[in-house]
Amino acid sequence: MSALLFRSTNGQSPAVNLREAFLCGQAPDRGLYFPEKFPALTQDEIAAFASLPYHEVAFRVLSKYTDGIIPADVLAAICRDAYNFDIPLEKVYDRVVVMRLDQGPTASFKDFAARMMARLMGRFLHEDGKQLTVLTATSGDTGAAVAHAFHNVPGIRVIVLFPIDEVSMSQRKLMTTLSENVRTVAIDGKFDDCQAMVKRAFSDPALKHIPLSSANSINIGRLLPQSVYYFYAASRLAKPGEPVVFSVPSGNFGDMMGAVVARQMGLPVKKIVASVNDNDAFPKFLASGHYEKIVPSRNSVSNAMNVGHPSNLARLVAVYGGRMDETGRIHQQPDLAAMRRDLFSSSVSDQRTRETIREVWNKYELLLEAHGAVAWRGFLDWQEHEPLNGLPAVILETANPAKFPEEIEKTIGFAPDVPPAMTAAIQLPEDFDRLGAEYEKFKQYLIQKHA
Ligand SMILES: *Cc1c(COP(=O)(O)O)cnc(C)c1O
């Protein structure tokens with residue numbers, strides 16, 4: 001059987017297999033890799049997930065992409081090793097549940113993708129006898145998840161850039177207290193600056209001698225594992241073939257694209273609600289067909305979603321037959337009517353986010369942090385347009401409230417319990433470098449670190 005091919009959303013680079021897409025992150029034409037054709041799961045296969053542990057669901061979904069690339073027994077072992085924590089589905093009322101993706105080692109959903117990626121990349125590099133530098137920009141949680149996942153993986157060095165004033169203390173400590181092969185760099189700038197510097201480094205001919213890869217959600221290797229929990233939740237909540245509503249707190253839209261991938265593979269989905277904070281470029285685009293990225297991105301309490309131009313939109317536009325380049329320019333409009341049928345998007349202000357944390361706590365004794373609260377509110381907003389009609393709905397909680405103790409305490413009057421993994425990290429000494437937001441300085445830094 002020939003391996004599945006991945007094409008660039010910009011259409012200018014040759015198609016590659018999963019391994020190549022994985023190792024280079026961004027396509028040479030600066031587009032994002034996406035499967036040429038989605039492998040399909042039958043409704044029987046999906047229904048069978050209901051009684052399987054998460055790592056087995058992950059294996060069955062991901063093995064559709066890894067034929068001819070990774071032996072099945074190796075993939076199964078990687079899935080078991082990566083997914084050794086709980087995925088609670090907390091019933092709130094009727095068939096509405098909150099899926100907590102915050103039980104991994106860095107207490108955010110980013111652990112799901114980072115842990116899979118680190119293990120696959122480590123294996124590929126070992127097979128090739130090569131070394132690689134993984135370069136990542138983070139708005140708070142990616143850096144921690146990637147740093148933990150890749151910590152002490154042979155052949156890999158990790159450099160994480162984070163905006164100095166935009167991450168919480170717990171978020172910061174979860175990435176700055178590791179050492180060995182992990183370096184963190186505080187940038188005097190915004191997340192957008194960090195992301196722009198990373199993107200520029202990838203296409204800089206003067207850095208060609210440094211093998212770089214990305215662990216940002218531009219890497220297809222991060223996206224595919226994020227489709228698994230949609231299958232997992234739906235198989236446990238829905239009758240076979242019954243569609244589910246998902247509400248996803250969205251920044252770069254990597255998580256939300258996991259739901260789109262699951263649907264493309266055959267999962268029955270009624271609606272995907274892409275819930276965003278004040279960075280409302282997408283809901284405006286969905287309503288008007290006119291895309292205008294937000295520069296600079298707006299700060300908000302859901303800080304991991306402070307993204308003015310979600311990089312994964314290029315993939316979403318591609319699914320609906322359009323083309324958007326990496327700058328956000330649309331060369332061909334997607335099928336907007338179909339997008340509006342499948343997706344809903346709502347922007348939730350900080351005030352509404354805080355009100356939601358309070359309301360959900362008072363009404364259900366359910367503790368959400370700001371990202372999950374944006375998803376909850378987006379789900380309520382959607383229901384003003386369309387009835388749920390008794391279908392199952394899954395609201396994603398993407399971080400543990402303990403990552404934001406000050407904010408939670410301010411909002412509902414007490415601080416959340418801290419999971420043991422976090423307590424340990426927070427007590428270790430921090431070690432990080434500091435740079436301005438100028439690309440040239442960062443480039444010198446990379447050259448120096450490589451020498
Ligand atoms: C990264 C992150 C998001 C946004 O995910 P995207 O894939 O960038 O849309 C939401 N919540 C939390 C807690 C995150 O860390």
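**Overall fold**

I counted secondary structure first: the protein has 19 helices and 15 strands, where helices (H or I, at least four residues) and strands (E, at least two) are DSSP runs numbered from the N terminus. The radius of gyration is 20 Å, close to the 22 Å that the globule rule gives for 451 residues, so the protein is as compact as a globular protein of that length. For the record, that radius is taken over C-alpha atoms, and the rule is 2.2 Å times the number of residues to the power 0.38. I also looked up the C-alpha trace, which spans about 60 × 55 × 45 Å along the principal axes.

**Ground rules**

This is a predicted model, so I note that local features need pLDDT of at least 70, side-chain atom pairs count only at pLDDT 80 or more, and totals for chains, interfaces and linings use all residues. Residues are numbered from 1 along each chain as its sequence is written, and side-chain values use heavy atoms, with hydrogens and water left out.

**Ligand site**

Which residues come nearest to the ligand? Of the 15 around it, they are Lys110, Asp141, Gly251, Asn252 and Thr398 (near is a heavy atom within 4 Å). By class, I get six nonpolar, six polar and three charged residues in the shell; Ala, Val, Leu, Ile, Met, Phe, Trp, Tyr, Cys and Pro count as nonpolar, Asp, Glu, Lys and Arg as charged, and the others, Gly among them, as polar.

Next I checked ligand oxygen atoms. A polar side-chain atom of Asp141 lies 2.5 Å from one. Backbone N or O atoms also show up, with Asp255 at 2.8 Å and Gly254 at 3.0 Å. Taken alone, the ligand exposes 380 Å², and the protein buries 98% of that (Shrake-Rupley, 1.4 Å probe).

**Arg183**

I found Arg183 in strand 7 (residues 182–188). Its side chain makes a polar contact of 3.0 Å with the side chain of Asp431, and another of 3.0 Å with that of Asp433. A polar contact here is a pair of N or O atoms within 3.5 Å; within protein, one must be able to donate a hydrogen and the other to accept it, and residues adjacent in sequence count only if both atoms are side-chain atoms.

Val295 and Pro296 are joined by a cis peptide bond, omega about -10°. Pro296 is in the loop between helix 12 (281–288) and helix 13 (313–319). Arg30 has a positive phi of about 70° although it is not a glycine.
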